Every structure is written in structure tokens, then in C-alpha cells.
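Welcome! Open your viewer, get ready to select residues, and follow along stop by stop.

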Amino acid sequence: MKYFAVFLPMLDEEKSKHYRPDHLSYLEEKSNEGKIFAKGRFTDGTGGLVIYKADDLSEAEEMAKLDPYVAKGARNYEIREWDMVVTKS
């Protein structure tokens, strides 16, 4: 399993507000499937980030494209494979 950081920059704030419940429902579904490592919005209002767990880039991209925010034109997306490093505190 690999990790993919999906940035969701804002395209349309009104659409984002409208589709927020659908977006959150979609993320809950993916989380229940074990496909999300972390998620959250940027505090400056410019978008958010989802870290998906997937076998490859194409699977992560498919999940990103099916997010209602992306599918309905509220947000764009940008994907980067993330090599998580755990440090001891």
C-alpha cells in the first residue's frame, strides 16, 4: 500500500459550500474502506488535503476524481506520492 497526498485547491467557493456534505460523505465512505490515512482543510480557506492509501497512482487518481468537490467543479486536484517517514519523539 502506498500513500498519495491529494491537494484540493479551491476553484469555486459557492460550489464548495454546496457540495460539502457530499464531499464529507464520500470521504467517510473511503475512510470506512480503509482508503484514507488523513484529511483536513487548510485554515486559510484555500482548499484541503486528503492522503489516500492506494496500490498505485491510477487508483488514487480515480478516488480523487470521484470526490464530489472535483467531479462537480468546486475544487481542482493535484496528486503526489508521499513517502511517509515516522520519527521517534
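Start by selecting Ser 16, Tyr 19, His 23, Tyr 26, Leu 27 and Lys 30 in α1: these residues are buried (under 20% relative accessible area; exposed is over 50% and partly exposed in between, with a 1.4 Å probe and protein chains only). This is a predicted model, where local features need pLDDT of at least 70, side-chain atom pairs count only at pLDDT 80 or more, and totals for chains, interfaces and linings use all residues. Residues are numbered from 1 along each chain as its sequence is written, and side-chain values use heavy atoms, leaving out hydrogens and water.

Now show what covers those buried residues of α1: the cover includes β1 (2-9), β2 (36-41), β3 (47-54), α2 (57-66) and α3 (68-71). Helices (H or I, at least four residues) and strands (E, at least two) are DSSP runs, numbered from the N terminus.

Next, select Val 6. Leaving aside neighbours within four places in sequence, its contacts (heavy atoms within 4.5 Å) include Val 50, Tyr 52 and Ala 64.

Move on to Glu 59 and Lys 35, which form a salt bridge with the closest N and O atoms 2.6 Å apart (a side-chain nitrogen of Lys or Arg within 4 Å of a carboxyl oxygen of Asp or Glu). Glu 59 sits in helix α2 and Lys 35 in the loop between α1 and β2, so this pair ties together parts that are 24 residues apart in sequence. Both Glu 59 and Lys 35 are buried.

For a last stop, pick Glu 33 and Lys 30, another salt bridge, at 3.0 Å between the closest N and O atoms. Is Lys 30 buried or exposed? Lys 30 is buried, at 11% relative accessible area, while Glu 33 is partly exposed at 43%.
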